[in-house]
There are 2 protein chains.
Amino acid sequence: MVAADASGARRVTAEVPAPKALVFDTFGTVVDWRSSVAAEVQQLARGKGLTVDAAKFADAWRAGYGPSMNRVRTGELPWTKLDDLHRMTLDRILPEFNITGLTEDEKATLNHAWHRLKPWPDAVAGLTRLKKKFIIAPLSNGNISLMTELAKFGGLPWDCILGAELARHYKPDREVYQSAADFLDLKPADVMMVAAHLGDLRAAKGVGLRTAFVTRPLEYGPGGRADLKPDASVDVSAKDFNDLASQLGA
Amino acid sequence: MVAADASGARRVTAEVPAPKALVFDTFGTVVDWRSSVAAEVQQLARGKGLTVDAAKFADAWRAGYGPSMNRVRTGELPWTKLDDLHRMTLDRILPEFNITGLTEDEKATLNHAWHRLKPWPDAVAGLTRLKKKFIIAPLSNGNISLMTELAKFGGLPWDCILGAELARHYKPDREVYQSAADFLDLKPADVMMVAAHLGDLRAAKGVGLRTAFVTRPLEYGPGGRADLKPDASVDVSAKDFNDLASQLGA
């Protein structure tokens with residue numbers, strides 16, 4: 001049974017069996033991509049004696065994310081891993097920000113800024129609690145090597161790594177959500193998608209996964225356009241991963 | 001540079017860059033499948049008032065492993081995950097051991113004995129050391145859900161889970177070894193295969209991976225046919241995972 005609380009979010013109550021696995025959107029939900037990427041851009045620019053609006057650079061890079069995946073989704077590009085899509089966008093925006101003369105090594109290192117993103121302050125503690133009760137795995141558009149290095153960088157205690165590269169589809173394609181249930185040998189209803197993005201949760205819900213919304217008000221910076229209120233696709237709404245762990249009894 | 005030691009094994013010396021990732025055969029190399037499966041069979045039989053040679057049952061079950069994967073490898077069966085191959089073998093041998101009248105739930109639970117295999121005594125400590133210096137992942141014929149539950153059961157601290165289900169090929173098909181390098185975005189020479197089985201290491205070497213041999217003399221029980229001496233396919237030879245960690249400077 002699912003009951004509505006004051007905020008309109010529905011909470012899983014004792015009558016509903018707990019999910020067996022929690023799968024997590026990662027960029028924005030688990031890690032703070034914007035300030036992490038901006039810090040690396042800032043450091044590189046300083047070393048080169050350049051002046052760059054690093055936060056604007058991070059935003060421009062991230063703005064290429066959806067459109068570049070859509071090129072794969074529509075078949076314009078064959079399957080291309082996110083590292084390579086990130087690189088295509090990087091190569092386009094570097095001259096737009098007047099960053100020129102980087103060596104190939106410098107560009108490759110900068111592209112891997114996405115492998116070195118800081119977890120939100122509650123993420124590791126919350127995941128560590130949740131791991132005791134549930135299988136926990138990322139279900140991200142990031143490729144396996146990216147997600148693996150990200151986990152090592154931030155100490156994210158995943159049980160396994162799932163996501164777009166295994167399904168060879170990008171979220172919000174339904175194949176990605178279905179693949180999580182299939183690889184874990186679970187019914188979709190035994191899997192709960194955790195994300196700060198309602199679009200991700202709506203797509204997961206469409207495949208039969210349960211959903212948990214975690215707010216990340218600063219994902220896009222102060223004054224950014226983060227989702228702040230759950231909608232009808234949301235089963236559980238939490239303010240961070242520790243709150244989610246408490247609500248799920250972990 | 002690689003130097004021969006007294007046992008004939010070659011050791012990676014300081015002139016050779018260290019590998020970046022270690023991938024592990026799992027059944028027999030990381031976990032003791034034989035005594036673990038036998039213990040579950042013994043417990044089930046006792047509860048049913050049956051007398052079964054549990055070690056012989058475990059051996060018979062494992063004897064179905066290679067032939068059942070060969071049915072996939074030759075195309076006789078479509079891609080079939082190891083849990084399902086285990087179940088086919090189980091259904092065949094239960095009557096051979098006069099174990100009858102099990103419910104579907106009991107058979108399903110017994111089949112998942114392969115998700116509850118005890119790590120060898122040095123495995124978790126050795127992996128924990130190796131994880132500080134290298135990416136560590138299983139490269140097993142076990143499917144993702146099996147490997148995920150096995151890791152939770154035994155506390156195996158993998159960074160990610162690779163293997164047959166991702167490659168949709170069973171070892172020793174070269175596609176499995178190549179897939180480890182591809183998913184990790186590494187050259188094959190930057191990946192080291194760790195196994196107690198020379199056949200696995202020879203196949204890995206054929207794809208360009210480096211190799212570490214770890215002896216598990218009791219894998220097949222006292223008097224079993226474990227590989228005990230490295231051959232020419234072996235770059236590093238170790239007596240257990242702690243020894244391997246020491247030799248690799250972890």
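This is a predicted model: local features need pLDDT of at least 70, side-chain atom pairs count only at pLDDT 80 or more; totals for chains, interfaces and linings use all residues.
The largest one counts 150 residues, and Val23(A) and Val23(B) are the members that touch the most others. As a rule, nonpolar side chains in soluble globular proteins tend to be buried together. Skip the neighbours within four places in sequence, and Val23(B) still has contacts with Ala137(B), Leu139(B), Leu162(B), Ala180(B), Val191(B), Met193(B) and Val194(B).

Chain B has an open sheet of six strands, ordered E7-E6-E3-E8-E9-E10, and the pairing is parallel. E7(B) and E10(B) sit at the edges, each pairing on one side only. E6(B) and E7(B) are joined in the parallel sense by two bridges, and Ser140(B) has Gly163(B) in E7(B) as its bridge partner. Then there's helix H10(B), which lies across E8(B) and E9(B) and runs at about 165° to E8(B).

Here are the residue ranges of some strands of chain B:

| Strand | Residues |
|---|---|
| E6(B) | 135–140 |
| E7(B) | 162–163 |
| E8(B) | 191–195 |
| E9(B) | 210–214 |
| E10(B) | 236–238 |

Now for how the two chains meet. The contact takes 14 residues from chain B and 14 residues from chain A. On the chain B side, helix H7 (144–154) and helix H9 (174–184) each supply at least two residues, and H7(B) gives the most, with five residues. Sorted by class, that side of chain B has eight nonpolar, two polar and four charged residues.

What about symmetry? Chain B superposes on chain A by a rotation of 180° with 0.0 Å of shift along the axis, at an RMSD of 0.0 Å. The two copies are thus related as by a two-fold rotation axis. Within chain B, Cys160(B) comes closest to that axis, its C-alpha being 2.6 Å away. The copies meet through the same surface, because 100% of the interface residues of chain B are also interface residues in chain A.

One last stop, over in chain A: Leu85(A), part of helix H4 (residues 82–96). Is Leu85(A) buried or exposed? Leu85(A) is buried, because 21 other C-beta atoms lie within 10 Å and the cut-off for buried is 20 or more. Not counting residues up to four places away in sequence, Leu85(A) touches Ser68(A), Met69(A) and Thr80(A).

Technical notes: Residues are numbered from 1 along each chain as its sequence is written. Chains are lettered from A and ligands numbered from 1 in the order in which they are written. Two residues are in contact if their C-beta atoms, placed from the backbone, lie within 7 Å. Helices (H or I, at least four residues) and strands (E, at least two) are DSSP runs, numbered from the N terminus. Ala, Val, Leu, Ile, Met, Phe, Trp, Tyr, Cys and Pro count as nonpolar, Asp, Glu, Lys and Arg as charged, and the others, Gly among them, as polar. A nonpolar core is a set of buried Ala, Val, Leu, Ile, Met, Phe, Trp, Tyr and Cys residues joined through C-beta atoms within 7 Å. A residue is buried if 20 or more other C-beta atoms lie within 10 Å of its own, exposed if 12 or fewer, and partly exposed in between; C-beta atoms are placed from the backbone. Two strands pair if DSSP finds at least two bridges between them. Axes are lines fitted to C-alpha atoms, for helices over the stretch in contact, and angles run from 0 to 180 degrees between N-to-C directions. Copies are superposed by least squares on the C-alpha atoms of residues with pLDDT of at least 70 in both.
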